[in-house]
Amino acid sequence: MRCFIGIDLGSTTTKSVLMDENMKVLGRGITGSRSNYDIAAAVTKQEAKIGTRFTLFRDRLASNGKAQDAEHLIGDLERTFRLEQFLYMLSELESTCDGFVSGPRVVGKESIIREALDTVFKNLRAEAIGIYGPNAARKSDFFRDIAGSRYMALAEDVAKKADLNFDLLVNIYDKSINEIENRMSSDDDVSKWFVKALDRVLADGSTLNKENITSAMNDTLSIPLDETYVVGTGYGRVRLPFPKEHIRSEILCHGLGAHMMFPGTRTVLDIGGQDTKGIQVDENGIVENFQMNDRCAAGCGRYLGYIANEMNMGLHELGPMAMKANKVSRINSTCTVFAGAELRDRLSLGEKREDILAGLHRAIILRAMSILSRAGGIRDEFTFTGGVAKNEAAVRELNKLVEENYGKLKINIDPDSIYTGALGGATFAHRACN
Amino acid sequence: MGTQEIVAKCQAIFDDLNFTVAREWKAAKPGRKVIGFMPVYVPMELIHAANALPLGIMGGGDSMEVIHGDAYYQSYICRIPRSTIELGVTGRLDFVDMMLFPFVCDVIRNLSGIWKMMFPNVVSRFFDTPQNFDEKIGGTYYEHELLELKEAIEQATGNKITDESIRNSIKLYNENRKLIWSLYDLRAKEPWKFPTWELYLLMRAGLQLPVDEHNQMLKDYIAAAHAEDKPRRDNSRIVLNGSFCEQPPLNLIKSIEMAGCYVVDDDYVLINRFLTEDVPLEGDLLKNLSTTYLKHSVETSCKYVPKEEDKGKYLLNRISQCQAEGVIFAAPSFCDPALLDRPMLSHRVSENNIPSISFKYAENSGQMQPIREQAGTFADSIKLWS
Amino acid sequence: MSAEKEAVKDESMLLQKAMISRNYDAITSKHETGRKVVSTFVPGNLNELVMCFDMLNNLPEINAIQAGMRKLSGGYIMEAEKGGHSEDVCTYVKADIGQMARGNIAPNGKPFPDPDILLLSYTGCYTFMKWFELLREQYKCPTVMVHVPYQGDGHTTQNMRDYIVKQLKEEVIPTFERISGKKFDIDLLRELMTRSAKAEDDLVWVIETAKHKPSPIDAYFGAVYYVGPIFSAFRGTQEAVDYYKVLKKEIQYRIDNKMGPITPEGEMKEQKYRIVVEGPPNWTNYREFWKMFYDEGAVVVASSYSKVGGTYDMGFRHDPKNPLESLADYCLGCYTNRNLPTRVDILEKYINDYEADGLLTNSIKSCNSFSAGQLMMMREVEKRTGKPGAFIETDLVDPRYFSAANVKNRLESYFQMIEQKRRGVKSAA
């Protein structure tokens, strides 16, 4: 089938969206942007295809009736698919680690190291079932994050017991994970995980007709997903291995993506890791004007990252803590360079963490308001996208300031707004062929 | 009235970004007008002579959130034009009949053009003082400029400016300058009795109050301060330089004193003592204003110093007059005048074995800890040296 | 530069290169020839007057540009900052001061001799005043100032003109006579100004050829070369007159053959976007910056930067009949000495007269005279013309402030937006 794919190569994550002939979004993919942009693009594209296969499979089951049972099955299947994928990557990681047990630092210790690694991976595999168990919460969906944190914990323990230098194991892991991350999984691998995952789910018993389901899966997997047209965008777009006509600026893609999500959109605010954009679009999603933060990156998403580090908190914990504030501290600088110093200064003066955080969120939004003002103000409807759009404290301040300065407007936030640029890219890809 | 009461009144005026005092003055009698001006110098006498209140606008300070003002300026431009635009956009200056943008630097110069475009209903004017100090050259030019300014003020206010009214205004401003200079002298002598932050608030109040009221306030304060006993501390005596346009937050001024420095001279709110001698009351008054500017005004970064050997002389003189032990160069970030001047001034100061430190601030700086540390270390090092 | 491919050069460029190196040679050999050297600025450059006293004109801005293009400015700037100059201020000044600290070597490899006089033509830029106070501190040489009042209300007055003429008569000319030992000859000044006006006519012809489609010139990156002789040490010389003759012939040829401008990589073929640019260029990455335009098919058809040394396309010519008054008018009319509403009018006129697609502002960190207020100007021009604007930020000669990825990202977004809008209008029609 004809597929139209948009890839948004951002500074921290790479996103993709796959749509069909009728501009229906079938799948999305996300992965960490790594030093190798080609791989990041390929991995996220594969992820979007995986998502697409799930959608196609779901559609097929739904057409056979029993929608509710099918939903339940697909939920299990998604989880189990990730488990299979994880186990596969784990075995890849294990053999790669094994390959790195060499060199002058490990001479004479090879067998102890191999034994240690063996224990670590055995435990990891055993844990995997639980990690991907029903209702299990995962902090990240990226292999690097999940495997890495567990590997470190297990290896430290094993190293202590075996009287082995922990750094050696860390070193082996670091080398290996970089290699693994630069490997691509093939369509065949993906098909295999689907089949294995389905077997595992069905073995647990299901009220659905197993034969129908298996044939639906086989049908789904046999559909070729042609990359009819791919459009790249985002900060790293120039590094994508695409011909020039396949590349669109992120401003254009963001404008169009926001229009696709909310067709009434006239003004878009995107706060990403590295920059903040204010975009005006017309009724067709065509960009009329835009402004980005100037060279100074004050007030961008990265700023919250610094604050989180400084406060020793997770990025996603900042918003909820700021929501607890009783008063909003006045923060006058969103300069990333001074963020830490200002924070310590205020804490030492006895200001409360939540109040300071509320002030920081307000400062970020104030800065965004200036950029929007620069781009010609805010018009109805107003769509907010990017990672910061997930932060409730930031959204609260934005709502307040928008109303104060522009009156009551419809403010749109899509939970999947990080895919806005990729969605715009996929739409451009579709337009290029139709 | 004690100093506390007077200072509290000044603080209230300082904190009020709606300029209520000036608004009420204007509303009190028909025919009254208000003319706003930016740092660093305008002849307030001409404004006053037109039955108008000269309103000094020194930005928005550290308590105002700037949204729209930031939309007009890149990150490498100082803060005062942003907050001033914010004051304008938010309607806080809607009672101002005319705006004057005197020569300070290219940023304020260009702000005059922005104001013309943003507020077409307000008469906005750039006011260029001469950089040639020869009476026949710069003087003649300046007299004409003053004449043009006078006519523009008359037109904007609808009030005729007579010789008599100028003379009366000059008299009041001569008195104002004399009182302020004497207050500065008193502080240099007994800085513990005249804390700089109090002095500063008094100066800021003068930017909003009618000059006669301000004169009375200054007299009251001087009398009250003499009567009060304040403990003398073992502080170092410093001159502060570089803060003639965008003002530091009040907390910064307090922090320097708390860190162990007596500020014995500064260049905050320079307009009220820009002229160092009385403007004569006889003869051609515009010429008198011009000549006093040319021959008897302070040296500051936005004035050219024609002779190399005179550069920094004014600062050195003030250091010795005020018996200062060191200099703090405190300039606003991205302030071309202060920062370009600083290397030359600091050379002069160090040639004369006077210690100095320097730092930058913005009118909304929030962090005082580094300032306190630097000023404190500086004060200590001065004591160790002497 | 050596790593880069040798740039394609026209005859006029080679001619200009030779003129510039002759001038540098004349300056660095002043001790042998006994000639005196005046340092002064591009806006308000009084070259004819300097030539009347047989003195040489050395322009520190041009030296900083040279250092920027030769990738030396970064080191000079750091040197100046080490010496106590703030990171916030103009990098032309710091490049100049840092260059002095490192031996003050001219582009011809010989040391610059100290100037005999600093002519502080204080025109349209506050920093000029401090720059020469700083140089005066180092050279301890005579300094004479011409204060050019700013056109705050968008027009000049007789008082401004008189003030400048008086400064010329009573301060500049007597000082020049004293330094050079030569008597002032007003007829010589008239003669030189006649030549100036001739070259100025030709320059205007050149700049206005950008009205053609395709444009035979780039009125920003290319115009930097075209304005060179008139903005620097050659206004009033026969060399300048001859240079423009050659240049005109080259451009006429391109017009006749429907050719585009010559870029460092040869003729620019496709012209998809016609852009007006406000603000000076970046010099440290000049070729890379230009490439971002011609690679996308963007040609600059008018720019304000090519008016910093005189707004000749608005009608001004040096007038031999009123030599001193005309010098005053020249100084008063330089682009950065005009108020913001006038600058907006000029840019609006450029968009319309040159049928441009929009206004691009290259905002320069160093230069508040240009930069403070550019966002307001852009908004106003957008409003009046209905054409979209874009904003990028770089610096004159500070390589730390040129982020290629950042600039390219914005430029591409801007050009694509113009393209998309154009298509949108077409499909709607």
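**Labels and the values behind them**

Mentor: In this predicted model, strand S5 (236-241), helix H12 (313-321) and helix H13 (336-351) of chain B each contribute at least two residues to the lining of the largest cavity.

Trainee: What is the volume of the largest cavity, and which residues are closest to its centre?
Mentor: The largest cavity holds about 230 Å³ of space; of the 19 residues lining the largest cavity, those closest to its centre are Asn241(B), Asp267(B), Glu299(B), Tyr314(B) and Leu315(B).

Trainee: What makes up that lining by class?
Mentor: The lining of the largest cavity has 9 nonpolar, 3 polar and 7 charged residues.

Trainee: Why is the aromatic pair of Tyr41(B) and Tyr293(B) called tilted?
Mentor: The ring centres of Tyr41(B) and Tyr293(B) are 5.4 Å apart, and a pair requires centres within 6.5 Å. The planes make an angle of 35 degrees, whereas stacked requires under 30 degrees and edge-to-face over 60, so the pair counts as tilted.

Trainee: Why is this pair said to tie together parts that are apart in sequence?
Mentor: Tyr41(B) belongs to the loop between strand S1 (33-37) and helix H3 (44-48) of chain B, while Tyr293(B) belongs to helix H11 (residues 285-295) of chain B, so the pair joins parts that are 252 residues apart in sequence.

Trainee: Are Tyr41(B) and Tyr293(B) buried or exposed?
Mentor: Tyr41(B) is buried, as is Tyr293(B), a label that calls for under 20% relative accessible area.

Terms used:
Residues are numbered from 1 along each chain as its sequence is written. Chains are lettered from A and ligands numbered from 1 in the order in which they are written. This is a predicted model: local features need pLDDT of at least 70, side-chain atom pairs count only at pLDDT 80 or more; totals for chains, interfaces and linings use all residues. Side-chain values use heavy atoms; hydrogens and water are left out. On a 1 Å grid over the protein atoms alone, a cavity is a set of points where a 1.4 Å probe fits but cannot get out, and a pocket is an open set with protein on both sides within 12 Å along at least five of seven lines; lining residues have an atom within 4 Å of a point. Grid points are joined across faces, edges and corners, and a volume is the space filled by probe spheres set on the points. Helices (H or I, at least four residues) and strands (E, at least two) are DSSP runs, numbered from the N terminus. Ala, Val, Leu, Ile, Met, Phe, Trp, Tyr, Cys and Pro count as nonpolar, Asp, Glu, Lys and Arg as charged, and the others, Gly among them, as polar. Rings of Phe, Tyr and Trp (its six-membered ring) pair if their centres lie within 6.5 Å; planes under 30 degrees apart count as stacked, over 60 as edge-to-face and the rest as tilted. Buried means under 20% relative accessible area, exposed over 50%, partly exposed in between (1.4 Å probe, protein chains only).
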